[in-house]
Amino acid sequence: MPPLTPHLGTIDQVYQKVLRESHRTWHARDSIHKADHFYNFAITAHSLRDYFLQHKGWGGDRKHRTKHAKRRGQHEEWNSNEVLRAVKDIANSAKHFSLDRPPQTEATEETTSAAVDVYAAGGELSCVEAVIPDFVVTMASGEEYRLWEIMSEVSEYWRQFLTEAGIPLAADPHYLPDEGASGLD
């Protein structure tokens, strides 16, 4: 059966969407849009777990205890990573409204960050400092992460994990679109 989402039928395609959502999140200049894109990033990044388990044949089949044990072990490994747990909490709270267990994520707070907009005109570059909306995610451990830190660490984790698992990852021409025509908010 073809996937319901036409461009998300493989692990690689979902990984590429993680990168695109990271790009959209970082470039959003409105805090509501930034939060929306970050939720999309978290849900997409968290879904890589299910895609990987399905790829390995360790899906929801509880009749095969060997597969179930491998699945449980893989989840334990993923849950030992603090930023993957943050993404899991954010994704699950977005999908389920509330969590049925204490979250590992303490809070998400709106803040701002400094950025530099670079403009090219007639061979000259000009740089303009800008203040952009941002968020800080505080873990139960007290560790704080800005969105770019979470997105960078999660994207790199999955790139390395999938590569080591022998899953080829293609370059996505949509990851860094032509910014002038991207319609970024």
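Read along the sequence, the elements follow the pattern α-α-α-α-β-β-β-α, which amounts to five helices and three strands. Helices (H or I, at least four residues) and strands (E, at least two) are DSSP runs, numbered from the N terminus. The model is predicted: local features need pLDDT of at least 70 and side-chain atom pairs count only at pLDDT 80 or more, while totals for chains, interfaces and linings use all residues. Residues are numbered from 1 along each chain as its sequence is written, and side-chain values use heavy atoms, with hydrogens and water left out.

**Burial and core**

Of the 185 residues of the protein, 38% count as buried. Buried means under 20% relative accessible area, exposed means over 50%, and partly exposed lies in between (1.4 Å probe, protein chains only). Accessible areas come from the Shrake-Rupley method with a 1.4 Å probe, and for residues only the protein chains shown count as cover.

A nonpolar core is a set of buried Ala, Val, Leu, Ile, Met, Phe, Trp, Tyr and Cys residues joined through side-chain atoms within 4.5 Å. The largest such core has 34 residues, and the members that touch the most others are Phe41, Leu48, Trp78, Val154, Trp158 and Leu162. Two or more residues each come from α1 (11–27), α2 (31–56), α4 (82–96), β2 and α5 (147–164). Helix α5 gives the most, with eight residues.

**Salt bridges**

Side chains of opposite charge can pair when their charged atoms come close. Here a salt bridge is a side-chain nitrogen of Lys or Arg within 4 Å of a carboxyl oxygen of Asp or Glu. The count by this rule is five.

| Pair | N to O distance |
|---|---|
| Asp117 and Arg29 | 2.5 Å |
| Arg146 and Asp134 | 3.3 Å |
| Glu156 and Arg159 | 2.5 Å |

Asp117 is in strand β1 and Arg29 in the loop between α1 and α2, so this pair ties together parts 88 residues apart in sequence. Asp117 counts as buried, at 17% relative accessibility, whereas Arg29 is partly exposed, with a relative accessible area of 41%.

The salt bridge between Arg146 and Asp134 links strand β3, which holds Arg146, to strand β2, which holds Asp134; the two residues are 12 apart. Asp134 is buried at 2% relative accessibility, and Arg146 is partly exposed at 28%.

Glu156 and Arg159 both lie in helix α5, three residues apart, or about one turn of the helix. Glu156 is partly exposed at 35% relative accessibility, and Arg159 is partly exposed at 35%.

Lys17, Glu21 and Arg24 are linked in a network of salt bridges.

**Surface patches**

Patches are made of residues with over 30% relative accessible area and no salt bridge; like charges are joined within 9 Å and nonpolar side chains (Val, Leu, Ile, Met, Phe, Trp, Tyr) within 5 Å. Lys and Arg count as positive and Asp and Glu as negative, without His and the chain ends. The place of a charge is taken as NZ of Lys, CZ of Arg, CG of Asp or CD of Glu.

A patch of negative charge on the surface gathers Glu109, Glu143, Glu144 and Glu153. Glu143 sits in the loop between β2 (124–139) and β3 (144–146) and is partly exposed, with a relative accessible area of 41%.

Val116, Val118 and Leu125 form a nonpolar surface patch with about 300 Å² of accessible area together. Val116 is in strand β1 (residues 105–121).
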